[in-house]
Amino acid sequence: MKLRNFLTGLGMSAVLALGIGGAVAPAAHAAVGATGAATVQAPADHADYTSKDPRTGRVDRGRAEAAGRAGQGAPPARSTLRCHSPQLSGRVFAVTCSGQAYRVFVDCSNRVRYVTPVLSGTRRVAVVCPAGTTAIGGGAFGR
């Protein structure tokens, strides 16, 4: 009798683990909170970026924070900001800019705009949208 109960419990565990029971929680979209209740994870509130100084080769990495809705008009660029060679590919928007105090932004398919911290000098900046999204536009503003 004990052996049968053990095998029955083991079989049910396997059925639930494999999802054959018909009710499998979507693990990629849920997390268990401190109270034990499942909670839905919020989309990422940041994107990653790298900026490279073409003269020294120095690379800086950091986070670009969410700052508004994708597709908003960019603040006007001042006459001292110069940007060229924009590239849009998959999750990445990259551009080379030269200025005194500027920010680079990317609009992602989750309808969020991500903006880098203030940068200066000549930099090749690449901003990467969060996983599961695509870069749909980008630019820079400042001076």
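Which residues in the largest nonpolar core touch the most other members? The points below start there and then move to particular residues.

1. Basis. This is a predicted model, in which local features need pLDDT of at least 70 and side-chain atom pairs count only at pLDDT 80 or more, while totals for chains, interfaces and linings use all residues. Residues are numbered from 1 along each chain as its sequence is written, and side-chain values use heavy atoms, with hydrogens and water left out.

2. Core. V104, V106, Y114 and V127 touch the most other members of the largest nonpolar core, which has 19 residues. Such a core is a set of buried Ala, Val, Leu, Ile, Met, Phe, Trp, Tyr and Cys residues joined through side-chain atoms within 4.5 Å. Two or more residues come from each of β3 (46-52), β6, β7 (112-115), β8 (119-128) and β9 (135-142). With seven residues, β6 gives the most to this core. Buried here means under 20% relative accessible area, exposed over 50%, and partly exposed in between (1.4 Å probe, protein chains only).

3. V104. Not counting residues up to four places away in sequence, V104 touches F93, V95, Y114, V115, T116, L119, V125, V127, G139 and A140. A contact means heavy atoms within 4.5 Å.

4. Overall make-up. Helices (H or I, at least four residues) and strands (E, at least two) are DSSP runs, numbered from the N terminus. Of the 143 residues in the protein chain, 27% are buried. Among contacts in the protein chain with a separation of 6 or more, 59% are between residues 24 or more positions apart.

5. The β5-β6 hairpin. Strands β5 (residues 82-89) and β6 (residues 92-108) pair in the antiparallel sense over six bridges; two strands pair if DSSP finds at least two bridges between them. They form a hairpin with two residues between them, and G90 in the turn has a positive phi of about 60 degrees. C83 stands opposite C97 in β6.

6. S85 is not a glycine, yet has a positive phi of about 55 degrees. This serine is found in strand β5 and counts as partly exposed because its relative accessibility is 42%. R111 is likewise not a glycine and has a positive phi of about 65 degrees. R111 has its place in the loop between β6 and β7, and its relative accessibility of 60% is why R111 counts as exposed. A check of the backbone at both residues could start from these values.

7. Surroundings of R123 and S51. Beyond four places in sequence, R123 touches residues including K52, D53, P54, R58, V95, T96, C97 and Y102.

8. Aromatic pair. The structure holds one aromatic pair. F105 and F141 form this pair, which is tilted, at 6.2 Å centre to centre and 40 degrees between the planes. Rings of Phe, Tyr and Trp (its six-membered ring) pair if their centres lie within 6.5 Å; planes under 30 degrees apart count as stacked, over 60 as edge-to-face and the rest as tilted. The pair links distant parts of the chain, with F105 in strand β6 and F141 in strand β9, 36 residues apart. Both residues, F105 and F141, are buried.

9. R113 over F105. R113 lies over the face of F105, at 4.0 Å from the ring centre. A charge sits over a ring if NZ of Lys or CZ of Arg is within 6 Å of the ring centre and within 35 degrees of the ring normal.
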